[in-house]
Amino acid sequence: MTGRGGERASAGGPATAGGPASAGAAAGPEPAAGVEAPGSEDRVVSPLADADDRLIEGALRPKRLADFVGQGRVRDQLSLVLEGALRRGRAPDHVLLSGPPGLGKTTMAMIIAAELGAPLRITSGPAIERAGDLASVLSTLSEGEVIFIDEIHRVARPAEEMLYLAMEDFRVDVIIGKGPGATAIPLDIAPFTLVGATTRAGLLPAPLRDRFGFTAYLDFYDPAELEVIVRRSAGLLGVALRDDGADEIAGRSRGTPRIANRLLRRVRDFAEVRADGIVNRQVARAALELYEVDDNGLDRLDRAVLSALVRRFGGGPVGLSTLAVAVGEEAETVEVVAEPFLVREGLVIRTPRGRVATPAAWEYLGLVAPDQGGQGQPAGTLFG
Ligand code: ADP
(Lines give C-alpha, C1' and ligand atoms only; values in the text may rest on other atoms or scores of the structure.)
Protein backbone atom coordinates (compact mmCIF):
# COMPACT_ATOMS: atom_id res chain seq x y z
CA MET A 1 0.00 0.00 0.00
CA THR A 2 1.37 3.30 -0.90
CA GLY A 3 -1.34 5.51 0.47
CA ARG A 4 -1.42 6.99 3.91
CA GLY A 5 -4.58 5.34 5.06
CA GLY A 6 -3.19 1.83 5.64
CA GLU A 7 -4.05 -1.24 3.60
CA ARG A 8 -6.97 -0.70 1.30
CA ALA A 9 -7.59 -3.58 -1.04
CA SER A 10 -9.44 -2.83 -4.20
CA ALA A 11 -13.09 -3.52 -3.83
CA GLY A 12 -14.66 -6.73 -4.92
CA GLY A 13 -13.62 -9.10 -7.60
CA PRO A 14 -12.70 -8.57 -11.18
CA ALA A 15 -14.60 -6.17 -13.34
CA THR A 16 -15.24 -6.81 -16.97
CA ALA A 17 -14.63 -4.02 -19.40
CA GLY A 18 -15.44 -4.04 -23.02
CA GLY A 19 -16.22 -7.23 -24.86
CA PRO A 20 -15.85 -8.55 -28.35
CA ALA A 21 -18.61 -6.21 -29.44
CA SER A 22 -16.85 -3.23 -27.92
CA ALA A 23 -13.47 -4.07 -29.38
CA GLY A 24 -11.52 -0.95 -29.93
CA ALA A 25 -13.27 0.79 -27.12
CA ALA A 26 -12.17 -1.18 -24.14
CA ALA A 27 -13.46 1.52 -21.89
CA GLY A 28 -15.92 0.56 -19.23
CA PRO A 29 -15.70 0.73 -15.50
CA GLU A 30 -12.44 2.29 -14.45
CA PRO A 31 -10.36 -0.17 -12.46
CA ALA A 32 -10.60 0.12 -8.73
CA ALA A 33 -6.89 0.66 -8.16
CA GLY A 34 -5.47 -1.08 -5.14
CA VAL A 35 -2.95 1.70 -4.82
CA GLU A 36 -4.98 4.72 -3.99
CA ALA A 37 -4.20 8.30 -3.43
CA PRO A 38 -4.62 9.44 0.13
CA GLY A 39 -7.92 11.17 0.60
CA SER A 40 -7.65 13.82 3.25
CA GLU A 41 -4.06 14.85 2.69
CA ASP A 42 -4.50 15.09 -1.03
CA ARG A 43 -1.35 15.93 -2.96
CA VAL A 44 -1.96 17.60 -6.22
CA VAL A 45 1.10 15.95 -7.71
CA SER A 46 0.56 12.48 -6.31
CA PRO A 47 0.94 10.01 -9.16
CA LEU A 48 -1.69 7.80 -7.49
CA ALA A 49 -5.26 8.02 -8.70
CA ASP A 50 -7.90 9.52 -6.44
CA ALA A 51 -11.65 9.08 -6.91
CA ASP A 52 -11.84 12.24 -8.98
CA ASP A 53 -9.09 11.03 -11.31
CA ARG A 54 -10.78 7.71 -11.85
CA LEU A 55 -14.00 9.38 -12.86
CA ILE A 56 -12.33 11.49 -15.49
CA GLU A 57 -9.54 9.18 -16.63
CA GLY A 58 -11.89 7.00 -18.63
CA ALA A 59 -12.56 9.93 -20.92
CA LEU A 60 -8.90 10.88 -21.23
CA ARG A 61 -7.32 7.52 -21.86
CA PRO A 62 -6.05 7.01 -25.39
CA LYS A 63 -7.91 4.05 -26.85
CA ARG A 64 -5.45 2.83 -29.51
CA LEU A 65 -1.71 2.37 -29.69
CA ALA A 66 -1.42 5.13 -32.27
CA ASP A 67 -2.94 7.64 -29.84
CA PHE A 68 -0.64 6.68 -26.99
CA VAL A 69 1.86 9.50 -26.61
CA GLY A 70 5.52 8.76 -25.84
CA GLN A 71 7.16 5.46 -24.80
CA GLY A 72 8.09 5.03 -28.47
CA ARG A 73 10.21 1.94 -28.05
CA VAL A 74 7.64 0.10 -25.94
CA ARG A 75 4.93 1.06 -28.40
CA ASP A 76 6.93 -0.22 -31.37
CA GLN A 77 7.83 -3.48 -29.69
CA LEU A 78 4.32 -4.06 -28.50
CA SER A 79 2.84 -3.33 -31.85
CA LEU A 80 5.03 -6.08 -33.34
CA VAL A 81 4.02 -8.55 -30.65
CA LEU A 82 0.33 -7.80 -31.21
CA GLU A 83 0.53 -7.75 -34.98
CA GLY A 84 2.39 -11.08 -35.00
CA ALA A 85 -0.22 -12.65 -32.75
CA LEU A 86 -3.07 -11.33 -34.88
CA ARG A 87 -1.49 -12.76 -38.02
CA ARG A 88 -1.04 -16.15 -36.43
CA GLY A 89 -4.54 -15.98 -35.00
CA ARG A 90 -3.26 -16.84 -31.56
CA ALA A 91 -3.14 -15.11 -28.20
CA PRO A 92 0.11 -13.12 -27.83
CA ASP A 93 2.66 -13.67 -25.10
CA HIS A 94 1.83 -12.50 -21.62
CA VAL A 95 2.87 -8.90 -21.09
CA LEU A 96 4.42 -7.38 -17.97
CA LEU A 97 4.33 -3.59 -17.64
CA SER A 98 6.40 -2.04 -14.90
CA GLY A 99 7.08 1.51 -13.84
CA PRO A 100 5.97 4.20 -11.41
CA PRO A 101 2.27 4.95 -10.98
CA GLY A 102 0.43 7.20 -13.43
CA LEU A 103 2.60 6.47 -16.49
CA GLY A 104 0.02 4.57 -18.50
CA LYS A 105 0.13 0.89 -17.51
CA THR A 106 -3.64 0.51 -17.19
CA THR A 107 -4.14 2.52 -20.35
CA MET A 108 -1.70 0.25 -22.18
CA ALA A 109 -3.52 -2.87 -20.95
CA MET A 110 -6.80 -1.50 -22.29
CA ILE A 111 -5.12 -0.68 -25.58
CA ILE A 112 -3.72 -4.21 -25.88
CA ALA A 113 -7.25 -5.64 -25.61
CA ALA A 114 -8.59 -3.07 -28.06
CA GLU A 115 -5.84 -3.77 -30.61
CA LEU A 116 -6.51 -7.48 -30.36
CA GLY A 117 -10.25 -6.94 -30.58
CA ALA A 118 -10.51 -9.01 -27.43
CA PRO A 119 -12.55 -8.59 -24.29
CA LEU A 120 -10.73 -7.33 -21.21
CA ARG A 121 -11.09 -8.46 -17.62
CA ILE A 122 -9.66 -6.15 -14.99
CA THR A 123 -8.60 -7.10 -11.50
CA SER A 124 -5.77 -6.34 -9.12
CA GLY A 125 -3.31 -8.18 -6.90
CA PRO A 126 -4.95 -7.16 -3.62
CA ALA A 127 -8.33 -8.45 -4.86
CA ILE A 128 -6.85 -11.91 -5.31
CA GLU A 129 -6.48 -13.08 -1.75
CA ARG A 130 -7.08 -16.78 -2.29
CA ALA A 131 -6.37 -19.24 -5.07
CA GLY A 132 -10.14 -19.64 -5.40
CA ASP A 133 -10.51 -15.96 -6.33
CA LEU A 134 -8.16 -16.48 -9.22
CA ALA A 135 -9.62 -19.85 -10.24
CA SER A 136 -13.05 -18.30 -10.61
CA VAL A 137 -11.71 -15.61 -12.91
CA LEU A 138 -9.52 -17.89 -15.00
CA SER A 139 -12.10 -20.60 -15.46
CA THR A 140 -14.61 -18.15 -16.90
CA LEU A 141 -12.27 -16.53 -19.44
CA SER A 142 -13.26 -16.82 -23.05
CA GLU A 143 -10.72 -17.74 -25.72
CA GLY A 144 -8.25 -14.94 -26.42
CA GLU A 145 -9.51 -12.77 -23.57
CA VAL A 146 -7.08 -10.33 -22.00
CA ILE A 147 -6.88 -10.28 -18.24
CA PHE A 148 -5.25 -7.30 -16.59
CA ILE A 149 -3.87 -7.74 -13.09
CA ASP A 150 -2.79 -4.42 -11.65
CA GLU A 151 -0.25 -4.52 -8.81
CA ILE A 152 0.50 -8.09 -9.67
CA HIS A 153 3.27 -8.19 -7.05
CA ARG A 154 0.54 -8.22 -4.43
CA VAL A 155 -1.24 -11.39 -5.56
CA ALA A 156 -1.44 -13.80 -2.61
CA ARG A 157 1.12 -16.60 -2.61
CA PRO A 158 -1.12 -19.64 -3.24
CA ALA A 159 -2.83 -17.79 -6.10
CA GLU A 160 0.55 -16.93 -7.54
CA GLU A 161 1.40 -20.60 -7.90
CA MET A 162 -1.89 -21.20 -9.64
CA LEU A 163 -1.04 -18.36 -11.98
CA TYR A 164 2.25 -20.02 -13.04
CA LEU A 165 0.43 -23.09 -14.23
CA ALA A 166 -2.33 -21.09 -15.90
CA MET A 167 0.14 -18.88 -17.76
CA GLU A 168 2.22 -21.76 -18.97
CA ASP A 169 -0.18 -24.62 -19.60
CA PHE A 170 -3.57 -22.88 -19.61
CA ARG A 171 -4.63 -25.15 -16.81
CA VAL A 172 -5.68 -24.69 -13.19
CA ASP A 173 -5.77 -27.29 -10.46
CA VAL A 174 -8.94 -26.89 -8.48
CA ILE A 175 -8.55 -28.31 -4.99
CA ILE A 176 -11.59 -30.13 -3.71
CA GLY A 177 -11.82 -30.90 0.01
CA LYS A 178 -9.41 -30.16 2.82
CA GLY A 179 -6.51 -31.84 4.58
CA PRO A 180 -5.18 -35.27 3.57
CA GLY A 181 -8.36 -36.07 1.63
CA ALA A 182 -8.04 -33.03 -0.65
CA THR A 183 -7.75 -33.76 -4.34
CA ALA A 184 -6.62 -31.57 -7.18
CA ILE A 185 -8.82 -31.64 -10.23
CA PRO A 186 -7.08 -30.28 -13.31
CA LEU A 187 -9.22 -27.96 -15.39
CA ASP A 188 -8.31 -26.72 -18.86
CA ILE A 189 -8.85 -23.04 -19.44
CA ALA A 190 -9.10 -21.07 -22.66
CA PRO A 191 -5.85 -19.56 -23.97
CA PHE A 192 -5.70 -16.00 -22.70
CA THR A 193 -3.23 -13.15 -22.46
CA LEU A 194 -2.24 -11.89 -19.07
CA VAL A 195 -1.18 -8.27 -18.79
CA GLY A 196 0.42 -7.68 -15.41
CA ALA A 197 1.31 -4.26 -14.08
CA THR A 198 3.63 -3.50 -11.22
CA THR A 199 5.21 -0.48 -9.63
CA ARG A 200 7.70 -2.80 -7.96
CA ALA A 201 9.12 -5.26 -10.47
CA GLY A 202 11.82 -6.20 -7.97
CA LEU A 203 9.20 -7.84 -5.75
CA LEU A 204 8.04 -10.25 -8.44
CA PRO A 205 9.28 -13.78 -7.87
CA ALA A 206 11.51 -14.97 -10.69
CA PRO A 207 9.21 -17.84 -11.76
CA LEU A 208 6.42 -15.34 -12.32
CA ARG A 209 8.63 -12.81 -14.09
CA ASP A 210 9.98 -15.51 -16.38
CA ARG A 211 6.53 -16.46 -17.59
CA PHE A 212 5.99 -13.12 -19.26
CA GLY A 213 7.11 -13.29 -22.88
CA PHE A 214 7.21 -9.51 -23.19
CA THR A 215 8.30 -7.13 -20.47
CA ALA A 216 8.20 -3.38 -20.81
CA TYR A 217 9.40 -0.69 -18.48
CA LEU A 218 7.49 2.57 -18.74
CA ASP A 219 9.69 5.55 -18.02
CA PHE A 220 8.87 9.12 -17.05
CA TYR A 221 7.77 11.33 -19.96
CA ASP A 222 9.61 14.31 -21.42
CA PRO A 223 8.01 17.73 -21.02
CA ALA A 224 7.42 17.83 -24.80
CA GLU A 225 5.42 14.58 -24.61
CA LEU A 226 3.50 15.81 -21.60
CA GLU A 227 2.66 18.93 -23.49
CA VAL A 228 1.05 16.84 -26.22
CA ILE A 229 -0.90 14.92 -23.58
CA VAL A 230 -2.07 18.11 -21.85
CA ARG A 231 -3.22 19.60 -25.14
CA ARG A 232 -5.06 16.45 -26.06
CA SER A 233 -6.80 16.37 -22.66
CA ALA A 234 -7.63 20.08 -22.88
CA GLY A 235 -9.30 19.39 -26.24
CA LEU A 236 -11.33 16.53 -24.76
CA LEU A 237 -12.33 18.53 -21.68
CA GLY A 238 -13.02 21.73 -23.59
CA VAL A 239 -10.38 23.77 -21.78
CA ALA A 240 -9.09 26.91 -23.50
CA LEU A 241 -5.36 26.22 -23.24
CA ARG A 242 -2.67 28.49 -24.68
CA ASP A 243 0.72 27.11 -25.78
CA ASP A 244 2.60 28.76 -22.92
CA GLY A 245 0.03 27.41 -20.46
CA ALA A 246 0.53 23.86 -21.80
CA ASP A 247 4.30 24.30 -21.53
CA GLU A 248 4.04 25.47 -17.92
CA ILE A 249 1.81 22.58 -16.86
CA ALA A 250 3.93 19.99 -18.69
CA GLY A 251 7.09 21.23 -16.98
CA ARG A 252 5.58 20.78 -13.55
CA SER A 253 4.00 17.37 -14.01
CA ARG A 254 6.81 15.20 -12.62
CA GLY A 255 7.08 13.36 -15.93
CA THR A 256 3.69 11.77 -15.24
CA PRO A 257 0.57 11.95 -17.47
CA ARG A 258 -1.82 11.42 -14.57
CA ILE A 259 -0.34 14.46 -12.81
CA ALA A 260 -0.39 16.50 -16.02
CA ASN A 261 -4.11 15.78 -16.41
CA ARG A 262 -4.79 16.63 -12.79
CA LEU A 263 -2.83 19.88 -12.90
CA LEU A 264 -4.75 20.82 -16.01
CA ARG A 265 -8.01 20.41 -14.11
CA ARG A 266 -6.78 22.43 -11.12
CA VAL A 267 -5.50 25.18 -13.38
CA ARG A 268 -8.75 25.23 -15.30
CA ASP A 269 -10.67 25.76 -12.02
CA PHE A 270 -8.37 28.62 -11.19
CA ALA A 271 -8.72 30.13 -14.65
CA GLU A 272 -12.50 29.95 -14.46
CA VAL A 273 -12.82 31.35 -10.94
CA ARG A 274 -10.02 33.89 -10.75
CA ALA A 275 -9.37 34.75 -14.39
CA ASP A 276 -11.14 34.79 -17.72
CA GLY A 277 -11.22 31.01 -18.19
CA ILE A 278 -8.18 30.91 -20.47
CA VAL A 279 -5.20 28.89 -19.32
CA ASN A 280 -1.99 30.73 -20.15
CA ARG A 281 1.42 30.66 -18.46
CA GLN A 282 0.57 33.35 -15.97
CA VAL A 283 -2.64 31.65 -14.85
CA ALA A 284 -0.93 28.25 -14.68
CA ARG A 285 1.89 29.66 -12.56
CA ALA A 286 -0.45 31.38 -10.15
CA ALA A 287 -2.60 28.26 -9.79
CA LEU A 288 0.31 25.91 -9.28
CA GLU A 289 1.88 28.18 -6.70
CA LEU A 290 -1.38 27.98 -4.80
CA TYR A 291 -1.06 24.20 -4.86
CA GLU A 292 2.57 24.30 -3.75
CA VAL A 293 3.87 22.63 -6.89
CA ASP A 294 7.25 24.12 -7.67
CA ASP A 295 8.94 24.76 -11.01
CA ASN A 296 10.26 21.23 -11.19
CA GLY A 297 7.01 19.60 -10.13
CA LEU A 298 8.36 18.80 -6.69
CA ASP A 299 5.72 18.95 -3.99
CA ARG A 300 5.62 18.79 -0.22
CA LEU A 301 6.49 15.11 0.10
CA ASP A 302 9.41 15.41 -2.31
CA ARG A 303 10.72 18.43 -0.46
CA ALA A 304 10.22 16.75 2.91
CA VAL A 305 12.23 13.74 1.74
CA LEU A 306 15.05 15.92 0.43
CA SER A 307 15.05 18.09 3.50
CA ALA A 308 15.16 15.11 5.90
CA LEU A 309 17.90 13.46 3.87
CA VAL A 310 20.04 16.57 3.85
CA ARG A 311 19.24 18.33 7.12
CA ARG A 312 18.64 15.40 9.43
CA PHE A 313 20.94 12.81 7.97
CA GLY A 314 23.72 15.00 6.59
CA GLY A 315 22.96 13.88 3.03
CA GLY A 316 22.96 10.16 3.88
CA PRO A 317 23.41 7.35 3.24
CA VAL A 318 20.25 6.56 5.13
CA GLY A 319 17.97 3.53 4.94
CA LEU A 320 14.59 3.86 3.29
CA SER A 321 12.58 3.02 6.42
CA THR A 322 14.47 5.54 8.58
CA LEU A 323 13.89 8.18 5.95
CA ALA A 324 10.20 7.29 5.72
CA VAL A 325 9.77 7.59 9.50
CA ALA A 326 11.47 10.99 9.40
CA VAL A 327 8.86 12.28 6.94
CA GLY A 328 5.95 10.49 8.60
CA GLU A 329 5.22 8.26 5.63
CA GLU A 330 5.10 4.58 4.86
CA ALA A 331 8.34 3.28 3.36
CA GLU A 332 6.49 2.09 0.26
CA THR A 333 5.03 5.55 -0.36
CA VAL A 334 8.47 7.10 -0.27
CA GLU A 335 9.89 4.34 -2.45
CA VAL A 336 7.12 4.23 -5.08
CA VAL A 337 5.79 7.79 -5.11
CA ALA A 338 8.60 10.19 -4.28
CA GLU A 339 11.86 8.40 -4.89
CA PRO A 340 11.72 7.39 -8.57
CA PHE A 341 11.26 10.98 -9.64
CA LEU A 342 13.89 12.32 -7.24
CA VAL A 343 16.31 9.74 -8.64
CA ARG A 344 15.39 10.60 -12.20
CA GLU A 345 15.94 14.30 -11.48
CA GLY A 346 19.43 13.51 -10.17
CA LEU A 347 18.58 14.68 -6.66
CA VAL A 348 18.88 11.34 -4.90
CA ILE A 349 20.90 8.23 -5.56
CA ARG A 350 20.25 4.77 -4.26
CA THR A 351 23.32 2.99 -2.97
CA PRO A 352 23.64 -0.39 -1.26
CA ARG A 353 24.08 1.50 2.03
CA GLY A 354 21.01 3.68 1.59
CA ARG A 355 19.76 6.83 -0.04
CA VAL A 356 22.20 9.66 -0.66
CA ALA A 357 21.49 13.29 -1.54
CA THR A 358 23.44 14.55 -4.56
CA PRO A 359 25.03 18.02 -4.60
CA ALA A 360 22.03 19.07 -6.72
CA ALA A 361 19.74 18.23 -3.80
CA TRP A 362 21.74 20.46 -1.46
CA GLU A 363 21.65 23.17 -4.04
CA TYR A 364 17.89 22.72 -4.48
CA LEU A 365 17.50 23.43 -0.75
CA GLY A 366 19.78 26.46 -1.03
CA LEU A 367 22.68 24.69 0.70
CA VAL A 368 26.17 23.66 -0.33
CA ALA A 369 27.09 19.98 -0.12
CA PRO A 370 29.84 19.32 2.46
CA ASP A 371 32.27 17.69 0.02
CA GLN A 372 32.12 20.87 -2.01
CA GLY A 373 33.75 22.80 0.78
CA GLY A 374 30.77 23.71 2.90
CA GLN A 375 29.12 22.02 5.86
CA GLY A 376 25.58 22.34 4.68
CA GLN A 377 25.78 26.09 5.06
CA PRO A 378 23.33 28.30 3.23
CA ALA A 379 24.73 28.94 -0.23
CA GLY A 380 26.70 32.15 -0.45
CA THR A 381 27.13 32.53 3.29
CA LEU A 382 29.77 29.89 3.83
CA PHE A 383 32.05 31.94 5.99
CA GLY A 384 29.81 34.85 6.63
P1 ADP B 1 -0.95 3.59 -14.38
O2 ADP B 1 -1.84 2.39 -14.63
O3 ADP B 1 0.45 3.39 -14.85
O4 ADP B 1 -1.01 4.08 -12.95
P5 ADP B 1 -2.84 4.93 -16.12
O6 ADP B 1 -2.80 4.08 -17.33
O7 ADP B 1 -4.02 4.78 -15.22
O8 ADP B 1 -1.49 4.80 -15.28
O9 ADP B 1 -2.71 6.45 -16.65
C10 ADP B 1 -3.14 7.54 -15.88
C11 ADP B 1 -3.78 8.59 -16.77
O12 ADP B 1 -2.76 9.19 -17.54
C13 ADP B 1 -4.80 8.04 -17.73
O14 ADP B 1 -6.04 8.62 -17.49
C15 ADP B 1 -4.43 8.52 -19.10
O16 ADP B 1 -5.41 9.45 -19.54
C17 ADP B 1 -3.16 9.27 -18.90
N18 ADP B 1 -2.10 8.70 -19.72
C19 ADP B 1 -1.19 7.80 -19.32
N20 ADP B 1 -0.32 7.55 -20.32
C21 ADP B 1 -0.70 8.31 -21.36
C22 ADP B 1 -0.18 8.49 -22.68
N23 ADP B 1 0.92 7.87 -23.08
N24 ADP B 1 -0.81 9.34 -23.50
C25 ADP B 1 -1.90 10.02 -23.07
N26 ADP B 1 -2.43 9.90 -21.84
C27 ADP B 1 -1.84 9.06 -20.99
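1. The structure is a predicted model, and its confidence is the place to begin. The protein chain has an average pLDDT of 84, with 85% of the residues scoring at least 70. Residues 1–41 have a pLDDT below 50, and beyond near neighbours in sequence this stretch makes 105 contacts in the model. Residues 380–384 also have a pLDDT below 50, and beyond near neighbours in sequence they make three contacts in the model.

2. The shell around the ligand comes next. Of the 19 residues around the ligand, those that come nearest are Glu-57, Gly-104, Lys-105, Thr-106 and Thr-107. Two or more residues of the shell are supplied by each of helix H1 (51–60), helix H3 (105–116) and H9. Sorted by class, the shell holds nine nonpolar, six polar and four charged residues.

3. Helix H9 (residues 257–274) packs with helix H10 (residues 281–290) at an angle of about 105 degrees, and their axes are 9 Å apart. Since angles of 65 to 115 degrees count as roughly perpendicular, H9 is roughly perpendicular to H10. On the H9 side the contact is made by Leu-263, Arg-266, Val-267, Phe-270 and Ala-271, while H10 brings Val-283, Ala-284, Ala-286, Ala-287, Leu-288 and Leu-290. By class, this contact of H9 with H10 has ten nonpolar residues, no polar residues and one charged residue.

4. H10 also packs with helix H8 (residues 243–251), at an angle of about 30 degrees and with the axes 7 Å apart; H8 and H10 are therefore roughly parallel to each other. In H8, the residues Asp-244, Gly-245, Asp-247, Glu-248 and Ile-249 meet Arg-281, Val-283, Ala-284 and Arg-285 in H10. The class count for the contact of H8 with H10 is three nonpolar, one polar and five charged residues.

5. In the last pair, the axes of helix H4 (residues 131–138) and helix H5 (residues 157–169) cross at roughly 30 degrees and come within 7 Å, which makes H4 roughly parallel to H5. Ala-131, Asp-133, Leu-134, Ala-135 and Leu-138 of H4 meet Pro-158, Ala-159, Met-162, Leu-163 and Ala-166 of H5. By class, the contact of H4 with H5 has nine nonpolar residues, no polar residues and one charged residue.

Note on methods:
Residues numbered from 1 in each chain as written. Predicted model: local features only at pLDDT ≥ 70, side-chain atom pairs only at ≥ 80, totals over all residues. Axes fitted to C-alpha atoms, helices over the stretch in contact; angles between N-to-C directions. Helix = DSSP H or I, 4+ residues; strand = E, 2+ residues; numbered from the N terminus. Parallel < 35°, antiparallel > 145°, perpendicular 65-115°, else oblique. Contact = placed C-beta atoms within 7 Å. Nonpolar A, V, L, I, M, F, W, Y, C, P; charged D, E, K, R; others polar. Near = placed C-beta within 6 Å. pLDDT = per-residue confidence, 0-100.
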